[in-house]
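My entries follow the order in which I checked them.

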Amino acid sequence: MTRPLETAPCSVWILTDGKAGDLAQCTGVAEALSCPYETRLVAPRPPFSLWLPFGPTDPREWEGRPGSPLAPPYPDIAIASGRRAAGYLRRLKRISRGRTFTVFLKDPRTGTDAADLIWVPEHDKLRGRNVLTTPTSPHRFSAATLEKLRAQPVPEIDTLSRPRVAVLIGGDSRHHTFTEEDQNRLLNGLRQIAREDGAALMITASRRTPPGLAYGLASLAKSGGHLYWTGETSNPLGLYLAKADAIVATADSTNMIGEATATGKPVHVFHPGGGHAKITRFLDTLQQLDVTHPFPGPLKTTTYEPIDATPVIAERILADFAALRLQDKGAQAG
């Protein structure tokens with residue numbers, strides 16, 4: 001969509017403390033804006049790091065200091081996520097004299113005045129005139145990216161039997177614990193779909209995956225006809241998602257499940273011990289949309305219209321940014 005020059009952004013910052021999940025969401029949205037962007041890393045020292053998002057930013061990183069993440073010229077749009085970055089976004093709004101349009105992804109914990117636009121998933125409770133909600137989270141796997149990956153020749157994957165199942169394994173977290181019983185139940189479920197459905201498994205684990213479970217997954221892959229990412233090469237997650245006929249994901253990561261729903265392929269969710277009310281609300285919404293299914297359980301390969309929050313968020317940012325610019329232009333004319 002063509003926009004007047006004065007209402008189209010020319011520069012974007014990502015403010016982040018480097019946390020992988022937050023950075024991936026911000027990057028996905030920045031890329032969807034089709035505008036040059038750069039990442040500004042914040043690294044506040046204690047006690048400032050402990051006081052954020054409520055307290056002040058680290059004076060060592062203020063805009064006049066060498067190497068400051070807030071050094072001008074200031075961007076048209078700034079996107080941030082994570083409690084440490086929230087204070088820096090607030091300061092950027094002030095030192096840019098309100099000209100930078102600020103976006104915060106997820107609940108900033110300081111209320112709706114934290115940014116010009118705030119995105120939260122529907123299962124969060126924050127609401128307001130400047131709060132946008134979507135069922136899933138933003139990510140970097142756009143429809144165009146998945147289509148490009150799907151067409152990319154990868155003999156290791158392309159020669160696998162069908163159905164191909166991407167298996168996305170998280171691990172122990174603040175709300176979930178993979179007990180030995182959980183691990184055995186997950187491994188047995190994977191063995192079952194491999195045996196009964198002829199599924200070829202494309203498995204990725206994470207740093208949080210319990211060692212015993214990681215060993216079991218690697219052993220399963222070695223049994224023949226499956227892939228297991230060891231972490232020694234570049235992450236094949238995008239390729240696994242693009243080329244999968246179905247997906248198995250663990251319930252400890254809403255980001256992981258949200259990425260899976262962008263494929264339009266059925267997502268089979270494994271529940272380890274524990275849980276959280278917000279995660280339950282998130283999964284209930286997707287189940288009502290017939291996107292997710294229990295695992296272990298029958299393997300489904302029926303498709304649905306992909307769910308992708310990223311372009312929705314990007315369009316809202318561009319619309320609100322354009323409105324702010326026109327408002328400023330009108331005020332100047334008056």
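The entries below go from the whole chain to single residues.

**Ground rules.** I am working with a predicted model, where local features need pLDDT of at least 70, side-chain atom pairs count only at pLDDT 80 or more, and totals for chains, interfaces and linings use all residues. Residues are numbered from 1 along each chain as its sequence is written, and side-chain values use heavy atoms, with hydrogens and water left out.

**Whole chain.** I looked up the secondary structure first. The protein chain has eleven helices and 14 strands. These are DSSP runs numbered from the N terminus: helices are H or I with at least four residues, strands are E with at least two.

Next I checked the size. The C-alpha atoms fill a box of roughly 70 × 45 × 35 Å along the principal axes.

Buried residues make up 52% of the 334. Buried means under 20% relative accessible area, exposed over 50%, and partly exposed in between, with a 1.4 Å probe and protein chains only. Of the contacts with a separation of 6 or more, 69% join residues 24 or more positions apart. A contact is heavy atoms within 4.5 Å.

**Cores.** Which residues have the most contacts inside the largest nonpolar core? They are Leu 168, Met 202, Leu 241 and Ile 257, in a core of 34 residues. A nonpolar core is a set of buried Ala, Val, Leu, Ile, Met, Phe, Trp, Tyr and Cys residues joined through side-chain atoms within 4.5 Å. Elements giving two or more residues to this core include β7 (164-168), β9 (200-204), α8 (237-243) and α9 (254-261). Helix α8 gives the most, with five residues.

I listed the partners of Met 202, leaving out residues up to four places away in sequence. Among them are Ile 157, Leu 160, Val 167, Leu 227 and Tyr 240. Another core, of 22 residues, lies apart from the largest one and includes Val 12, Cys 26, Leu 318 and Leu 324.

**Gln 25.** I found Gln 25 in helix α1 (residues 20-32). Gln 25 is buried, because its relative accessible area is 2%. Beyond its neighbours within four places in sequence, Gln 25 contacts Leu 105, Lys 106, Trp 119, Ser 137, Pro 138 and Asn 255.

**Thr 261.** Is Thr 261 buried or exposed? Thr 261, in helix α9, is buried, with a relative accessible area of 0%. Its contacts, not counting residues up to four places away in sequence, include Thr 136, Val 267, Leu 286 and Tyr 304. I also checked Ser 137: it is 124 residues from Thr 261 in sequence, but 10.0 Å away in space, C-alpha to C-alpha.

**Pro 210.** I located Pro 210 in the loop between β9 and α7 (211-222). Pro 210 counts as buried at 9% relative accessibility. Leaving aside neighbours within four places in sequence, Pro 210 is in contact with Gly 171, Asp 172, Phe 178 and Gln 183. The C-alpha atoms of Pro 210 and Val 42 are separated by 31 Å.

**Helix α3.** Last, I read helix α3 (residues 83-95). Its buried residues include Tyr 88, Leu 89, Arg 91, Lys 93 and Ile 95. Arg 97 follows α3 and has a positive phi, near 55°.
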